[in-house]
Structures are given as C-alpha cells and as structure tokens.
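Work through these exercises with the model open beside you. Try each task before you read its solution.

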Amino acid sequence: MTSAAPSFELLPGAAGSPVILHVPHSAREIPPEVRADIVLDDAALERELDHIVDAHTAELAQGAAGASEVMPWRFVNRLSRLVVDPERFPDEREEMLAVGMGAVYTRTTRLADLRPADTDPEPLVERYFRPYAKAMTDAVADRLAVTGRAVIIDVHSYPTARLPYELHGEGPRPPVCLGTDSFHTPPELLAAAREAFAPCGETGLDSPFSGTYVPLEFYGAEPRVTALMIEIRRDTYMAEPGGPAGPGLTRLTQALAALVDTVSR
C-alpha cells in the first residue's frame, strides 16, 4: 500500500463523446498514513476489502470503453472507498451516517469498528474528497462545453447476500439493478439500459441500491447532465467475496458498451 499512486484518474475518450463512465469503488489501495488510523488488523482489513470493493468494475469500464463505437471518458477512483467514499454527501445530508458510513467510514460492512467513533473526517475530506469532487465536476463541465450534454454512467457491483450495513437491503436483488434520480435519469436513458443489459438477466429498479452520482454543482439544477447507476450482482461475474472474475464479465462488458453506443448517438 502506497500513497504514490494518484487518488483518481480521468482517462480521455473521444472528443465528441458525452459519456463519462464513473468507477468510484473498484480499488483496494490505502495510503500508509490512512491505514494507520484503521483499527482492523491486516487480515481483517483484507476481508473487509473483499466485501466492500466493487471488484473488477474498472476492468469492466475499460473493456466497454474499448468496445464502444465512440470511446467514452472514464473517471476512476484509484484509492479504496475506505479512504473516502466520493459518492457520499460530506455532511449531515448523508443517510449512511446512521451506520457510520458517511464520506469517511468509522464502521465496517458488518458494523464493527473501522476507525474510532470520534474520528474527525475533515482532514480526509479535505485531502481526498474535495479534489475528487472538483475534478469530476470539471470533467462534467468539459463534456457540457464540448458536446452540450453529459451522461454519467456510474459503474458498481453489489454482493449476492445482504450485508448488515445495507439500509435498504430487504428488497429484490436482481442480476442488474438500475439506480435512478427523478431529475437526472430520463426515461430514454433507463430504457436504453434495460435493453442493453437484457442479455445479462433481469434488470430491477432502485433495489437494493438507489440513486446515482451527479456532482453537486449540477445536481437538481442542470437537466443536460443525465445519470444512471449500474449495480451488478457479483455472482453473475465473479467469485465472492473478492475473488477472480469469470466469463460473465465478457457479457457485461458487451452490455455496457451497447449502452454507451446508444446514449452516445
């Protein structure tokens, strides 16, 4: 584990592509200075990463980008969400604070201690969260300026069995869950995703996870920014928890590429 690697990376696509594939939870990397404040021993930390990481989603986005007719842009988090979770609200608006999993987690997926409960999140928010948010905001603004619109496709995965931290995990757990926002997810984007992922099995809506990521500067205010979250049930493409990818990843790559192609037109 080293802090030499960049916190995040914007990988350019075609100049005329409006699409940004956002991959926030694929990494396991934790800088040593952040690791020092995590109370789990090394074995327990590796087990937690196995459960919390959206394994192979960066490879999925990379494969889909390469297979698309018009290459999308990719914004990839290179650090673990145990450093900061860039998709949380950084304040009291975040409902996951109820289980110790705001922008800076103090609890694990099984609600054990990850950091001391009185941890001040601000240093990590300042060091990692805000630069990430600004860079993603700038990336979306650039797509708006160049193409007149931006389409954020948020690429995630989720475990087959509910974990204790899930606030809304009692509902259906389909092979593909589509997370939507009432303002930023138009019907045509949702329909395109349903069609693209139909070969991968049933697609469900907003269960067990809902919503999608839009930078706060545009959230609820800029209709030219559209967004959809793709949540893939892990047993469809990998060995759980934290194991290798299987043949299902190829089918998902083709589906994601098909979605990119549709929304790029």
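**Exercise 1: a histidine in a loop**

Histidine 25 sits in the loop between E2 and helix H1 (32–35). Helices (H or I, at least four residues) and strands (E, at least two) are DSSP runs, numbered from the N terminus. This is a predicted model, in which local features need pLDDT of at least 70, side-chain atom pairs count only at pLDDT 80 or more, and totals for chains, interfaces and linings use all residues. Residues are numbered from 1 along each chain as its sequence is written, and side-chain values use heavy atoms, with hydrogens and water left out.

Task: decide whether histidine 25 is buried or exposed, then list the residues in contact with histidine 25, leaving aside its neighbours within four places in sequence.

Solution. Step one: take the relative accessibility, which is 4% for histidine 25. Step two: apply the cut-offs, where buried means under 20% relative accessible area, exposed over 50%, and partly exposed in between (1.4 Å probe, protein chains only). Histidine 25 therefore counts as buried. Step three: search for contacts, meaning heavy atoms within 4.5 Å. Leaving aside neighbours within four places in sequence, the search returns Val53, Asp54, Arg81, Asp85, Glu87 and His156. Glutamate 240 is 215 residues away along the chain, and the two C-alpha atoms are separated by 16 Å.

**Exercise 2: strand E2 and its partners**

Task: find which strands pair with E2, and state which way its side chains point.

Solution. Step one: two strands pair if DSSP finds at least two bridges between them. E2 and strand E4 (residues 150–158) run parallel and are joined by 4 bridges. Here isoleucine 20 stands opposite isoleucine 152. Strand E3 (residues 73–77) also pairs with E2 in the parallel sense, over 4 bridges. There leucine 21 faces arginine 74.

Step two: sort the side chains. In a regular strand they alternate between the two faces of the sheet. Val19, Leu21 and Val23 point one way from E2, and Ile20 and His22 point the other way. Step three: check burial. In E2 (residues 19–23), 5 of 5 residues are buried.

**Exercise 3: two helices crossing**

Task: what are the crossing angle and the handedness of H5 and H6?

Solution. The axes of H5 (residues 187–197) and H6 (residues 248–264) come within 8 Å and cross at roughly 150°. That makes H5 roughly antiparallel to H6, since the label needs an angle over 145 degrees. Step two: the crossing is right-handed, that is, the near helix is turned clockwise from the far one by less than a right angle.

Step three: list the contact. H5 supplies Leu189, Ala192, Ala193, Ala196 and Phe197, while H6 supplies Leu252, Ala255, Leu256, Ala258, Leu259, Thr262 and Val263.

**Exercise 4: backbone checks**

Solution. Step one: the bond from serine 207 to proline 208 is cis, with omega near 10°. The bond from glutamate 240 to proline 241 is cis too, with omega near -15°. Proline 241 lies in the loop between E7 and H6.

Step two: histidine 56 has phi near 70°, a positive value in a residue other than glycine. Its place is the loop between helix H2 (42–52) and helix H3 (57–67). Histidine 56 is buried, at 17% relative accessible area.

Terms used:
Axes fitted to C-alpha atoms, helices over the stretch in contact; angles between N-to-C directions. Parallel < 35°, antiparallel > 145°, perpendicular 65-115°, else oblique.
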